[in-house]
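Thank you all for coming.

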Amino acid sequence: MKKPVRIAVTGATGQIGYALLFRIASGDMLGTDTPVILQLLDLPQSQTAAQGVMMELQDCAFPLLVDMFATHDPEVAFKDADIAILVGARPRSKGMERSDLLQANAEIFATQGAALNKVASRNVKVVVVGNPANTNAYIAMKSAPDLPAKNFTALMRLDHNRALSQLAEKTGKPVSKISKLCVWGNHSPTMYADYRFATIDNENIAEMINDQSWYVNEFLPKVGKRGSAIIEARGLSSAASAANAIIDQIHDWVIGTNGEWVTMGVPSDGSYGIPEEMVFGFPMTCENGEYTIVKDLPIDEFSQQRINQTLAELEEEKAEVSNLI
Ligand SMILES: NC(=O)c1ccc[n+]([C@@H]2O[C@H](COP(=O)([O-])OP(=O)(O)OC[C@H]3O[C@@H](n4cnc5c(N)ncnc54)[C@H](O)[C@@H]3O)[C@@H](O)[C@H]2O)c1
Ligand SMILES: O=C(O)C[C@H](O)C(=O)O
């Protein structure tokens, strides 16, 4: 058996927390050979609910769950954390855009970035889920100057998975056959789900579908606005699919992608003209616990225009939180 991995989860008693914790403890995220310790953070008024969630976790008798505790203090929750999943934040409701949450949620990520800086493992892998996820990840990263900036990521795997499923449905082929898809930019309707390089059995999907109007007028808006469609239909924002995407993003970051592309929101290294440190969705491969941006892809005029649009939105969000960083 390996050494237990300390996993801090914020917003542990919320919707996503409830869909996430049991899958982490069952081994879906890090594999069935890796024991875990869950360090749960939620607000003081949610501590009784947190006890209830822990009772249920206990009642599952997961062999991999070696310890767990709940607290309202970020410095306790993040102590020595190897992985920190920052979910705790207000979700949007009908009629709101994710950027409307910026002022409500930004301070949480400044406080939690500072706490991670103080007490987490120096190698902590951070995934920010609370919206607007990219800018919140940027705030957390800037609030943690002693940790490597590359350790801070935003959840963009849900967008990637949504795009995969739409392409599988359109082509009638299984999701597992699709390679080299990516989503550029912000986790917002401006995101750019790029299928130009995507293949099924080495055949180019764009050529296979051969319908630019479907791509521009149906596929891109459907993927970009999927979060709103779920809120409209369910009355609540996505939770099980978000938890699943968190599991996928961390699984692949830690265990690797075998050369396959995935999408993660990561601090830019200047690739594709994206300003350094801007937390942006890029195509990614992962190996040995490190991610690498897929470099030197050709960017045509349409793609450049879409990338510029999502970048401009991130620049605006960044300007709005300049008081916090
Ligand atoms: N990036 C993505 O793909 C994605 C997908 C789905 C949801 N989200 C976002 O995730 C966030 C959580 O969604 P949810 O549906 O679980 O919401 P929820 O309201 O069900 O749960 C949020 C939890 O966070 C807790 N919380 C609030 N402030 C906190 C703080 N300062 N510290 C610790 N805990 C705190 C609340 O008490 C609550 O238990 C929202 O911002 C939502 O928009 C992101
Ligand atoms: O859209 C939301 O507000 C929730 C989440 O970001 C999603 O994409 O489902």
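This is a predicted model: local features need pLDDT of at least 70, side-chain atom pairs count only at pLDDT 80 or more; totals for chains, interfaces and linings use all residues.

Let me begin with ligand 1, which sits in the largest pocket. The elements that give two or more residues to the shell around ligand 1 are α1, residues 15-26, and α4, residues 102-119. That shell counts 26 residues, and those that come nearest to the ligand are Q15, D42, R90, V129 and N131.

Which atoms of D42 and R90 lie close to oxygen atoms of ligand 1? For D42 it is an N or O atom in the side chain, 2.6 Å from an oxygen atom of the ligand, whereas for R90 it is a backbone N or O atom, at 2.9 Å from a ligand oxygen. I16 also takes part through its backbone, where a polar atom is 3.0 Å from an oxygen atom of ligand 1. As for cover, ligand 1 on its own has 870 Å² of accessible area, and the protein covers 86% of that.

Now to the helix, α10, which runs over residues 240-255. Its 16 residues should span 22 Å at 1.5 Å a residue, and because the end C-alpha atoms are 22 Å apart, the model agrees with that expectation. The buried residues of α10 are A242, A243, A245, I246, I247, Q249, I250, D252 and W253. In an α-helix there are 3.6 residues a turn, so residues three or four places apart point the same way. After α10 comes G256, which has a positive phi, near 110°.

Note on methods. Residues are numbered from 1 along each chain as its sequence is written. Chains are lettered from A and ligands numbered from 1 in the order in which they are written. Side-chain values use heavy atoms; hydrogens and water are left out. Helices (H or I, at least four residues) and strands (E, at least two) are DSSP runs, numbered from the N terminus. The expected span of a helix is 1.5 Å times one less than its number of residues. Buried means under 20% relative accessible area, exposed over 50%, partly exposed in between (1.4 Å probe, protein chains only). A residue is near a molecule or strand if one of its heavy atoms lies within 4 Å of it. A polar contact is a pair of N or O atoms within 3.5 Å; within protein, one must be able to donate a hydrogen and the other to accept it, and residues adjacent in sequence count only if both atoms are side-chain atoms. Accessible areas come from the Shrake-Rupley method with a 1.4 Å probe; for residues, only the protein chains shown count as cover. On a 1 Å grid over the protein atoms alone, a cavity is a set of points where a 1.4 Å probe fits but cannot get out, and a pocket is an open set with protein on both sides within 12 Å along at least five of seven lines; lining residues have an atom within 4 Å of a point. A molecule sits in a cavity or pocket if more than half of its atoms lie within 2 Å of its grid points.
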